[in-house]
Amino acid sequence: MAARFTPAFRAAAGVRVAARRQVVPAFRRGFANEAPKSGSSNGLLIGGLAAAAAAAGGAYYFLATDATPKERLMELETVGKEAGEVAKATLHMKKGKDEYQKVYNKIADMLEVDDYDDGSLGPVFIRLAWHSSGTYNKEDNSGGSNYATMRFKPESEHGANNGLKIAREHLEKVKQEFPWISYGDLWTLAGVCAVQEAQGPKVPWRPGRVDGYDHHCTPDGRLPDGAKAQDHLRDIFYRMGFNDQEIVALSGAHAMGRCHTDRSGFDGPWTFSPTTFTNDYFKLLFDEKWSWRKWNGPAQFTDSKTKSLMMLPSDMSLTKDKEFKKHAKAYANDADLFFKDFANVFNKLIELGVPTAQFQGDAYTLKTVDEQSS
Ligand code: HEM
């Protein structure tokens with residue numbers, strides 16, 4: 001086995017030697033948000049994994065030659081560990097669709113919880129998958145779902161991630177039963193499972209993410225702020241590589257779940273059925289009359305009729321901005337179109353930051369619990 005580790009290790013070390021005294025931009029080719037390259041032989045895969053290890057090793061500051069022996073040792077240990085993670089991932093590629101279906105089923109099994117929110121962990125699992133992916137920056141390929149860096153401080157304590165500990169802790173039980181799965185694969189699979197089990201669209205999903213280290217954590221401020229509007233949404237989502245239509249489709253995930261005063265400060269659900277995946281978010285945006293809620297909390301909208309629903313200022317911008325509105329209207333009028341576009345864009349979201357070489361070929365479409373029992 002050691003012989004197999006060596007090329008990746010050397011590649012990683014090589015990149016870093018060349019990169020002394022500067023911050024190394026992460027590896028720039030072959031990331032999942034780029035067009036896939038043709039050819040998928042095992043050789044290419046292993047080569048790509050070595051490159052991925054190089055990217056892992058090269059994505060942070062490399063110590064200069066005047067580093068102390070202890071610092072150099074730590075540095076080498078880090079490169080070795082990262083190459084090891086990638087090599088481990090290669091081994092997991094022997095796991096087939098059936099193994100991942102078992103993990104999916106275990107997650108599906110734990111979704112319903114009577115005394116939690118609206119009775120389902122689905123929404124908070126979707127938010128975990130999204131926040132662990134939405135840190136991506138296309139300029140330097142940093143962030144994204146590859147390293148599951150929300151396990152570490154400071155990212156676990158970023159304000160935007162308040163409340164996601166609940167999701168991480170629940171999923172830890174799945175990790176105990178299937179220790180071979182990476183956290184990035186587990187969290188994104190949980191998002192897919194939550195969408196599908198809530199009667200949402202089938203979302204193709206591929207395994208291959210590797211566990212990273214705390215030095216891969218991204219800076220605070222990469223996720224959107226609900227108090228802001230269209231210009232901010234474009235700044236944030238264009239940075240990840242999304243266009244206007246994709247921003248609107250992704251926002252439709254707010255059909256599910258709710259805001260919590262002890263997490264974001266905002267309060268309440270967007271729809272009357274927060275545990276079912278529908279296009280109601282778009283319908284309600286246009287069908288209801290929305291007014292500012294009179295309360296002591298942050299500025300948010302409430303539906304004038306029942307005063308039981310909410311919209312964030314960022315949500316309302318989808319009805320105000322001309323380009324956003326066009327897509328939001330289309331999704332309000334056509335649930336099938338929304339489902340199709342959401343499946344595509346959610347799949348794109350959860351693959352951000354993952355070198356394509358780490359994936360093991362075609363995506364799996366996993367079966368819902370209902371489909372398996374019928
Ligand atoms: C467009 C920019 C977005 C903003 C400003 C935003 C903001 C928020 C806020 C403030 C919350 C409430 C958190 C809490 O208090 O628990 C929330 C919850 C949620 N968000 Fe977003 N979000 C955005 C995009 C997305 C995207 C792209 C997805 C998924 C594709 C998503 C999925 C969810 C879900 C499912 C919840 C409910 C979580 C729960 O019930 O625990 N959001 N979002």
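Author: Start with helix 9, residues 244-251, and helix 12, residues 322-333. This is a predicted model. In it, the axes of helix 9 and helix 12 come within 9 Å. They cross at roughly 50°. An angle from 65 to 115 degrees would count as roughly perpendicular, and one under 35 degrees as roughly parallel. Helix 9 and helix 12 are therefore oblique to each other. The crossing of helix 9 past helix 12 is right-handed.

Now look at who touches whom. Helix 9 brings Asp244, Gln245, Val248 and Ala249 to the contact. Helix 12 brings Glu323, Phe324, His327, Ala328 and Tyr331. Sort the residues of this contact of helix 9 with helix 12 by class, and you get 5 nonpolar, 2 polar and 2 charged.

Stay on helix 12 and turn to another partner. Helix 10, residues 280-287, has an axis that comes within 8 Å of the axis of helix 12. Here the two axes cross at roughly 110°. That makes helix 10 roughly perpendicular to helix 12, because angles of 65 to 115 degrees count that way. The crossing of helix 10 and helix 12 is left-handed. From helix 10, the contact takes Phe282, Lys283, Leu285 and Phe286. From helix 12, it takes Ala328, Lys329, Tyr331 and Ala332. By class, the contact of helix 10 with helix 12 has 6 nonpolar and 2 charged residues, with no polar ones.

Go back to helix 9, and follow it to the ligand. Of the 24 residues around the ligand, the nearest are Pro123, Ala253, Gly257, Arg263 and Ser264. Helix 9 is among the elements that give two or more residues to this shell, together with helix 5 (122-133) and strand 1 (258-259). Helix 5 supplies the largest share, 5 residues. In the shell around the ligand, 13 residues are nonpolar, 8 are polar and 3 are charged. Which domains does the ligand lie between? Domain 2 (97-222 + 347-373) and domain 3 (230-339) both give residues to the shell, so the ligand lies between them.

Asp117 lies in the loop between helix 4 (97-109) and helix 5. Its phi is positive, about 45°, although Asp117 is not a glycine. Pro154 lies in the loop between helix 5 and helix 6 (164-177). A cis peptide bond joins Lys153 to Pro154, with omega about 0°.

Technical notes: Residues are numbered from 1 along each chain as its sequence is written. This is a predicted model: local features need pLDDT of at least 70, side-chain atom pairs count only at pLDDT 80 or more; totals for chains, interfaces and linings use all residues. Axes are lines fitted to C-alpha atoms, for helices over the stretch in contact, and angles run from 0 to 180 degrees between N-to-C directions. Helices (H or I, at least four residues) and strands (E, at least two) are DSSP runs, numbered from the N terminus. Angles under 35 degrees count as roughly parallel, over 145 as roughly antiparallel, 65 to 115 as roughly perpendicular and the rest as oblique. A crossing is left-handed if the near helix is turned anticlockwise from the far one by less than a right angle, and right-handed if clockwise. Two residues are in contact if their C-beta atoms, placed from the backbone, lie within 7 Å. Ala, Val, Leu, Ile, Met, Phe, Trp, Tyr, Cys and Pro count as nonpolar, Asp, Glu, Lys and Arg as charged, and the others, Gly among them, as polar. A residue is near a molecule or strand if its C-beta atom, placed from the backbone, lies within 6 Å of it. Domain bounds come from an automatic or database domain assignment.
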